[in-house]
Every structure is written in structure tokens, then in C-alpha cells.
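User: I'd like to go through this structure with you. Can we start with the terms and then take it piece by piece?

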Amino acid sequence: MFFIYSRLKDSSLDVKFVTNTTKESKNRLHERIHRLGFNIQKNEIFTSLTAARNLVDEQKLRPMLLLEDEALEDFEGISQENLNSVVVGLAPGCFNYEKLNVAFRLLMQGYPLIAVHKARYYKRPDGLALGPGGFVSGLEFATGTTATIVGKPQEAFFLSALKTVNCKPCEAVMIGDDLTDDVEGANNIGMKSILVKTAVH
């Protein structure tokens with residue numbers, strides 16, 4: 001992967017790392033990638049948390065944040081008083097009855113539900129683990145609400161990332177390891193795609 005990135009950077013092509021990672025902020029993700037030996041710039045990273053924050057700002061929301069502490073940095077400055085929405089990411093520490101019931105009560109008042117993404121599972125060192133999708137679906141079922149999903153494979157996510165490099169879908173290629181979120185999501189807006197076989201697929 002490092003070789004591929006180096007070749008791309010040596011070309012005239014723009015590179016954008018797009019990810020549904022919601023366990024940590026963009027700053028923490030950038031630092032982790034650097035420790036792995038990838039000398040990428042922070043502005044080359046576009047995350048589903050970025051997309052969620054953009055939506056929160058656009059709609060002037062004050063969301064209950066079902067996110068891990070490591071991800072909250074991306075929502076600095078957002079008021080946590082008089083909550084009027086719910087944002088759900090990958091947050092195993094938040095998926096308990098008490099917190100989900102607070103979210104349920106907010107949604108029953110008609111407030112919007114924002115899912116950073118709706119992945120069914122993700123890869124951990126000890127194997128596959130339950131993703132946020134099941135919890136989002138549970139809240140949708142219990143409240144009759146339909147979540148706004150901001151991460152991959154949503155069209156708006158890819159278009160927002162492409163906008164940051166002034167690129168049209170037909171001019172871009174998506175390289176990813178998820179058939180649905182990466183390949184199909186990109187193909188649906190007219191991007192070409194390359195599937196990399198990893199432990200996820």
C-alpha cells in the first residue's frame with residue numbers, strides 16, 4: 001500500500017483518503033497513519049465524521065453524540081444543551097440501554113437521527129465485531145424514524161469528498177476493500193472502482 005501511495009503522490013493525480021472510521025477524530029487518525037509510515041497530509045483525509053459535522057453545522061443542530069471520546073474532537077464547539085438531534089457512530093461504549101433510551105426519547109419528539117454510517121460489522125484484532133448499523137436500525141424501528149446516513153456508500157459523501165479536489169466522478173477512481181460501501185457506492189455516482197481483497201472482503 002505504501003508503494004501505491006508513493007507512486008500516486010509522484011504523479012500529478014490528487015489523492016484523497018475517504019473512510020467511514022468513526023472511532024477517532026481526523027487528528028488522531030492522521031497521527032496513527034503517520035505512525036504506520038504514510039506521510040500524508042491531514043487535508044488528504046475525508047471522514048464520515050467530517051460529513052456528519054458539516055451536516056450538523058448546516059442544519060444548526062445540537063446533537064446527542066453517541067460517539068467514542070476519541071472522536072468527539074471533531075465536534076468541538078457544538079452545544080450540548082437543549083439537544084435537538086442524535087448522531088450515531090461506532091461507539092461500543094455508548095451502546096447501552098440508558099444512553100440509547102435517551103436517544104429514543106429525543107427521536108420520539110420528532111428530532112432527526114443522523115447515522116455517521118450504517119456498517120453491519122467491522123474488523124478487530126480478535127475478529128469481526130458488530131458495527132453501528134444494528135443500533136441505528138433499532139432506533140429507526142422503535143421510533144419510526146428514518147436516519148440520514150452521511151458516510152459511505154451515500155452519494156453525498158463521495159460528492160463532498162470529490163468537491164474538495166475539484167474532481168468530477170467520471171475523473172475519479174475509488175480503491176477500497178468493501179464491495180458495498182466502496183465499490184458500489186462509487187459506481188453509483190459514475191466513478192470507476194478497484195476492489196482490494198483484505199480480511200474484510
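Analyst: Contact here means heavy atoms within 4.5 Å. This is a predicted model: local features need pLDDT of at least 70, side-chain atom pairs count only at pLDDT 80 or more, and totals for chains, interfaces and linings use all residues. Residues are numbered from 1 along each chain as its sequence is written, and side-chain values use heavy atoms, with hydrogens and water left out.

User: What does threonine 22 touch, not counting residues up to four places away in sequence?

Analyst: Threonine 22 touches Ser48, Leu49, Ala71, Gly89, Leu90, Val116 and His117.

User: Is threonine 22 buried or exposed?

Analyst: Threonine 22 is buried, with a relative accessible area of 1%. Buried means under 20% relative accessible area, exposed over 50%, and partly exposed in between (1.4 Å probe, protein chains only). Threonine 22 sits in the loop between β1 (17-19) and α2 (26-35).

User: How many helices and strands are there in the protein chain?

Analyst: The protein chain has seven helices and 10 strands. Helices (H or I, at least four residues) and strands (E, at least two) are DSSP runs, numbered from the N terminus.

User: In what order do the strands of the open sheet come?

Analyst: The order is β3-β4-β5-β8, four strands with parallel pairing. The edge strands, each pairing on one side only, are β3 (63-66) and β8 (148-149). Two strands count as paired if DSSP finds at least two bridges between them.

User: How many bridges join β3 to β4?

Analyst: Four bridges join β3 to β4 (residues 85-88). Leucine 65 stands opposite valine 87 in β4.

User: Which helix packs on the sheet?

Analyst: Helix α4 (residues 97-108) does, touching β3, β4 and β5 (113-115). The direction of α4 makes about 150° with that of β3. Axes are lines fitted to C-alpha atoms, for helices over the stretch in contact, and angles run from 0 to 180 degrees between N-to-C directions.

User: Other topic: how do β6 and β7 pair?

Analyst: Strand β6 (residues 121-124) and strand β7 (residues 127-130) pair in the antiparallel sense over four bridges. A hairpin of two residues joins β6 to β7, and lysine 123 has leucine 128 in β7 as its bridge partner.

User: Now the largest nonpolar core. Which residues touch the most other members?

Analyst: Val56, Leu67, Phe75, Ile114, Phe158 and Met191 do, out of 26 residues in that core. A nonpolar core is a set of buried Ala, Val, Leu, Ile, Met, Phe, Trp, Tyr and Cys residues joined through side-chain atoms within 4.5 Å. Helices α3 (48-59) and α6 (155-163) each supply at least two residues of this core, and α3 gives the most, with five residues. Apart from this core lies another, of 15 residues, among them Leu66, Ala91, Phe95 and Ala147.

User: And the whole protein chain, what share of the residues is buried?

Analyst: Buried residues make up 43% of the 201 residues. The C-alpha atoms fill a box of roughly 50 × 40 × 30 Å, taken along the principal axes.
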